[in-house]
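Please consider the following points alongside the sequence and the model.

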Amino acid sequence: MDVADRGLTSPEVDFSAWYNELVLRAGLVDRAPVKGTMVIRPYGYRIWELLQDELDRRIKETGHQNAYFPLLIPQSHLHREAEHVAGFSPELAVVTHAGGSELAEPLVVRPTSETVVGEMMAKWVSSYRDLPLLLNQWANVVRWEMRPRMLLRTSEFLWQEGHTAHADAESAMRETRLALDIYTDIARDFAAIPVIPGEKTPGERFAGARRTFTIEAMMRDRRALQAGTSHYMGENFARAFDIRYTTESGELGHAHTTSWGMSTRMLGGMIMAHGDEKGLVLPPKLAPYQVVIIPIGRGTRFDELVSVAGALLERLRAVGIRARVDERSHRSPGYKFHEWELRGVPLRLELGPRDLAEGSATLVRRLGKGKESLRLAALPEVLPGLLAEFQESLLVRATEFRDSHTRPVSDWSAFQEAVASGWAAALHCGDTGCAERIKAATAATPRCIPLDAPAESGDCIYCGQHADFGKRVLFARAY
């Protein structure tokens, strides 16, 4: 479909329809032949690459090394850890035939790699000197989705998954929190999403984990999105896969393991946290093009404007700005303005004959009102600061939006009102059955216990039993 054919559904009218239209029309993804899968198109993949590059750099800076583990996992491996296989069984894709014959043992297409990593760690770890073992993998995983949504829940998606082994619980917990801190910084500093780091309640933990930590983000429809998780596994997987080591005193001990991951779901979160009725609104740090230059003219004059725009492009690239000249002569300026707004480019520079005569260009901000004339000569010096301001403004806007739709509540009626239009911070007993009844009544689930929440005691918002966590729990409807 031609991007200029019609406008998007308003996110205020139908947020789901708006999102589904936008990811396709902005050229981020396309539907693949297998239901529930997606093709990530170059524009969308470039956003993922920018996120990936920064995340990979930070992971390596903390001493982790990248490795790769097989896509196919013996089904028996998943059964070694009972909670793990129970948690993932409904989502598994299983290979039963290959090479023209039935396999002796079915193979699971990896939903996550704890089991195969555990198998290899048992081979590689024998002494305390081998610990900590700090690994990371960039890979695809398959979790069969009955109700898929592009970039948010697809049967196959891309991610990184960290897997580490440690000599004791203290070291493993430091690792778990380190990964959470990295995710928090990436979300805030690059995606401009003011996530809330916290711990999951027991009923929301990762299958097989002793403790699960998360970063939770508010979307523009006020639903929550789990944007990254970090898990302390204790000795569960070490015992299941016999990851043992000789201590300094000569005794045998089981390692303490962790796992943590962030996926292409972050792209969906970024779209829903910042987008508007015109389309994407991309944070400059993750925008494939931070600046687009649009020459406006005809004939030989257009060629002259393209030449000037090309020279400006090189000057902007020299100072690290990702820029592009839209020199398509068969498209009108209005069409180009609409398209680059749809695709979320932070800054647009219009260059017409009058601008050229005055030695200037006209600046339009993706979220700004009106136009501003800037000297061509000054643009390489001025634009980096404007991009930084745009990045910060998105974080401020998203933070104000989240805070204005998050309410501490102390009674059930107020809780119901809060989760109908945002997030509720409430005391909770922690019982899984109670959480299920809250979900049945309101569609809201416990998202996390915020790490920075003040200590508070009292009774559960729903059942009236003593609240176990000593802090308020965030509840919300979620993706």
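1. The charged end of arginine 343 lies over the ring of tyrosine 43, at 4.0 Å from the ring centre. Arginine 331 places its charged end over the ring of tyrosine 335, 4.1 Å from the centre. A charge is taken to sit over a ring if NZ of Lys or CZ of Arg is within 6 Å of the ring centre and within 35 degrees of the ring normal.

2. The model is predicted: local features need pLDDT of at least 70, side-chain atom pairs count only at pLDDT 80 or more, and totals for chains, interfaces and linings use all residues. Residues are numbered from 1 along each chain as its sequence is written, and side-chain values use heavy atoms, with hydrogens and water left out.

3. Rings of Phe, Tyr and Trp (its six-membered ring) pair if their centres lie within 6.5 Å; planes under 30 degrees apart count as stacked, over 60 as edge-to-face and the rest as tilted. The count by this rule is ten aromatic pairs. Tyrosine 183 and tryptophan 260 form an edge-to-face pair, because their ring centres are 6.4 Å apart and their planes stand at 65°. This pair links distant parts of the chain, 77 residues apart: tyrosine 183 belongs to helix 6 (residues 169-189) and tryptophan 260 to strand 14 (residues 256-263). Helices (H or I, at least four residues) and strands (E, at least two) are DSSP runs, numbered from the N terminus.

4. Is tyrosine 183 buried or exposed? With 1% relative accessibility, tyrosine 183 counts as buried; tryptophan 260, at 3%, is buried as well. Buried means under 20% relative accessible area, exposed over 50%, and partly exposed in between (1.4 Å probe, protein chains only).

5. Tyrosine 289 and tryptophan 340 also pair edge-to-face, with 5.9 Å from centre to centre and 85° between the planes. Tyrosine 289 lies in the loop between helix 8 (265-274) and strand 15 (291-295) and tryptophan 340 in helix 10 (residues 333-342), so the pair ties together parts 51 residues apart in sequence. Tyrosine 289 is partly exposed at 24% relative accessible area, whereas tryptophan 340 is buried at 2%.

6. Ring pairs also join Trp412, Phe415, Tyr462 and Phe475 into a cluster. Phe475 belongs to strand 23 (residues 473-476), where Val473 and Phe475 point one way, Leu474 and Ala476 point the other way, and all are buried.

7. Strand 23 pairs (at least two DSSP bridges) in the antiparallel sense with strand 21 (residues 423-426) over three bridges; alanine 426 stands opposite valine 473. Three bridges also join strand 23 to strand 22 (residues 445-450), again antiparallel, with cysteine 448 opposite leucine 474.
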